[in-house]
Amino acid sequence: MQQRVGLARALAIDPEILLMDEPFASVDAQTREVLQEELLQLHERERKTMIFITHSIDEAIILGDRVAVMASRPGRIKEILTVDFARPRDPAAVRAQSRYTELRNHIWEELRPSVVMQ
């Protein structure tokens, strides 16, 4: 509920861009999926630009039109990928597509070396 209130508060001032820094990190997996669906619906209604920071590959693909893969040490953008699923977006339908698996595997292979080295 706090995540919804925080989002409502941010939207109340009608910003052109929403910066969301891991807004769903503190919720359980089921609530995260519900919030993702709500955010997709909100995006369809409001058409706001959103910069969404997440450590979840799945979340980035489901929500994003572009995914910037960050390298660690030094923190920089390693690659920007286009997520070309149609909108409005149904998360279950997206996950069922082979392109979803391709993107997910590609992003993981880009991130894996920095995760293994830690």
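Met20 sits opposite Phe52 of strand 2. The model is predicted, with local features needing pLDDT of at least 70 and side-chain atom pairs pLDDT 80 or more, while totals for chains, interfaces and linings use all residues. Residues are numbered from 1 along each chain as its sequence is written, and side-chain values use heavy atoms, leaving out hydrogens and water.

Strands here are DSSP runs of E, at least two residues, and helices runs of H or I, at least four, numbered from the N terminus. Strands 1 and 2 run parallel, joined by 5 bridges; strands pair if DSSP finds at least two bridges between them.

Now for the largest pocket, with a volume of about 1000 Å³. Closest to its centre, among 32 lining residues, are Phe52, Ile53, Arg66, Val67 and Ala68. A pocket is an open set of points on a 1 Å grid over the protein atoms alone, where a 1.4 Å probe fits, with protein on both sides within 12 Å along at least five of seven lines; lining residues have an atom within 4 Å of a point. Volume is the space filled by probe spheres set on the points, which are joined across faces, edges and corners. Strand 3 (66-71) gives the largest share of the lining, 6 residues.

| Lining class | Count |
|---|---|
| Nonpolar (Ala, Val, Leu, Ile, Met, Phe, Trp, Tyr, Cys, Pro) | 18 residues |
| Polar (the others, Gly among them) | 9 residues |
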